[in-house]
Amino acid sequence: MARLIDSLGDDARSQADRWPLWSSVCFGAGCCCYFILKEEPATWPLAAAGLALLGLWLVGRARGLPRAATLSLLMLACFSGGLAVAKLRAEAVAAPIAPADMAPTQIEGWVMDVDSPGQNGARIVVAPVRVRGLTPEATPERLRVTVKGVPPPPGAAIRVFGILNPPPPPASPGAYDFGRNAYFQGMGGTLFALGPTRAADLAPPPWRVRMEMEVNAVRYALAERIVARLGERTGGVAAAMTTGHETWIQSPDLDAMRDSGLAHILSISGLHMAVVGGFVFFTVRLLVAAWPWLALRVSGKKVAAIAGLVAVGTYLVISGAPPPAERAAVTASIAFLAVLADRRAVTMRALAAAAFVVLLLRPEAVVTPGFQMSFAATAALVALVEVWPRRIREFAAPWPIVMVQRFGSWLLAACAASLVAGMATGPFAMQHFNRTAVYGLIANLATAPLADFIMMPALALGAALEPLGLGAPFLWLAGKSVDAMLAIGHWAASLPGAVQAIPSAPAAALPVAFLGILFMCLWRGRWRWVGLPFAAAVLIWPRPAPPDVWIGDGGANAAYRQGEQAVVMRPAVRQFASDLWSRRRGLEAVGRSSEGWTCKRSFCAPEGREGALALWWGKVAPGAEQMDQMCRSAEVVSVRAVVAALPPSCEGRLVLDGADHARGGSVELWRDEAGGWRALWAAEVRGRRPWSGGGTD
């Protein structure tokens, strides 16, 4: 025991320069706490607490308080500051949200960008100028519109008629909140077009809107040229990796990339910024070194760092600056700034600074899968760099031996990096996406040389030279690399057991796993392995029994559990929501059988037996005879409309109508031992927040 205590004391004393790294963790924890609150806090107490604690820390440092006291004040100040910054950010982005249950309406506006396609067709982002039925003050700033046919390009003035809804709420209680994400993106609603998109005559837009449209028009034109050069299949993937436009990616290829663990290559993030920035850095440094006159007069390393900063900024603009690309650009920029300041570029301090900057600008990122996965993976890779043994340089050795040794070293490093990054991101993939790619390590190792040394540099050169008509040879090379990557992805996805489905753990498991991963990365010494069981919390945390019934938002669809299957009442309606719920609960979604059911245009109920669920999805309330039929045939009756009165046969049945769905959203139901039902509504988990209609204060 004495040796154990001494070992722990030695480890704690060796962390002297590591304790400040936890300040960014505390700041992120404060941001996270804001988003898990059920009620919106007032602004001034959070801001006052943050300023007061920051002042106490500054006074404590000036007065020479013990290091333990100043560190404690720093952590408290960062935690409180995270809460305050998240609240201020929510107030800063507040904008009108489209009302629910509007009649079909017409909108006129400017096409800002072409978004990734959805299940129902192409999608565009529109800055509305007029929305019939809404005042200018109630008109959302941005709308995501699903259109028919070919989407209009950025900069087009359009008129479209369709169904306008607010951003979708969670598909099930505790699931990812799409409405919250849309709120911070300024997306005030979604519109499903019922007719063709027509040209409109609008007044010139504000200069900010015009500038954004012009940049997006250049991006979209570049994507179209890449697709024209390489064909829709290969060019669609290349365009997504260059400009962020996923319009042309085919569904089989996207599924194969996901199942093989290569989908991260399609999203512009850390890999892309690192390869492009690193390629420019080393190329410029080599060119400076090759010119002796210039090499004697300037620092080649610093000139290359400036070129890397320019390359990262340019790539950020071309990619459309999605949140993952912004985070990667901040991290890469801090690394290049460290080079300019004569500091080490790849350190935990640089990563902590990058996390601080990202959360200061976009505190909502802390609850997104992209932020969690990217920073967990980067922290794990930096920790690996810190412990990786330095290679001994030989005085003299035959070049074949040197080449074999260096290839072996690269292969070992690549395996270790892929393994460490995969283990760090595994808990988040399990919790958010309920799947893990079994052969992801093999697929990523096979793809890494292509992506790092051929595909990304060729795409960067091809995209830069294509407007001049000189990008053809580089795009051809990039296209061959994309074809090889797709072949690897389809091969890995076709292997037996390529994807393992994993139900989501309780919500508390993911923060525990995140802290366990960070402890293993930030702590030095043998005691870092104490964090391993906590890092595996998502994997080992016991799963509760899955619900017996799920009813989607608005009561338009529902499902009930039958063994290990989720029987979906309307498989073709809002399929994304039913698939998401069944995956989260570890169930296999199957369609309802056509036999044993009485189904009409507006409802479906069990026939000749007592079933678990009857569903009325019509917008007009059912009559007494129809309610009587559903209550006699099912234990749970869900009605989309508001029911004024219930027949006697509904006594002892659980009946949920439109008023319940409007108030609570989606719901999960469990049978209790007494024969009743226990309900968990999405609104209970979501709380009264600005993105759920609860206001900012």
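Tutor: In this predicted model, six strands make an open sheet of mixed pairing, ordered β12-β11-β10-β9-β18-β19.

Student: What makes β12 and β19 edge strands?

Tutor: β12 (588-591) and β19 (677-681) each have a single partner strand, so one side of each lacks a neighbour in the sheet. On average, neighbouring strands here are turned by 25° against each other, direction ignored.

Student: How do you know that β11 and β12 count as paired?

Tutor: Pairing requires at least two bridges. β11 (residues 565-568) and β12 are joined by four, in the parallel sense. One of the residues involved is V567, whose bridge partner in β12 is V590.

Student: Why is α13 called roughly antiparallel to α14?

Tutor: Angles over 145 degrees count as roughly antiparallel. The axes of α13 (residues 348-361) and α14 (residues 369-387) cross at roughly 165°, so the label applies. The two axes come within 10 Å, and the crossing is right-handed.

Student: Which residues make the contact between α13 and α14?

Tutor: From α13, they include M348, L351 and V358; from α14, F371, F375 and V382 are among them. Leaving out residues up to four places away in sequence, M348 touches R18, L21, A379, V382, A383, E386, C521 and L522.

Student: What makes M348 stand out in the largest nonpolar core?

Tutor: Of the 61 residues in that core, M348 and F35 touch the most other members. Helix α4 (residues 67-92) gives the most to the core, with 10 residues. A second, separate core has 46 residues, including L222, A307, V312 and A478.

Note on methods:
Residues numbered from 1 in each chain as written. Predicted model: local features only at pLDDT ≥ 70, side-chain atom pairs only at ≥ 80, totals over all residues. Heavy atoms only, no water. Helix = DSSP H or I, 4+ residues; strand = E, 2+ residues; numbered from the N terminus. Axes fitted to C-alpha atoms, helices over the stretch in contact; angles between N-to-C directions. Core = buried A, V, L, I, M, F, W, Y, C linked by side-chain atoms within 4.5 Å. Buried < 20%, exposed > 50% of the residue type's maximum accessible area, 1.4 Å probe, protein only. Contact = heavy atoms within 4.5 Å. Parallel < 35°, antiparallel > 145°, perpendicular 65-115°, else oblique. Left-handed = near helix turned anticlockwise from the far one by under 90°.
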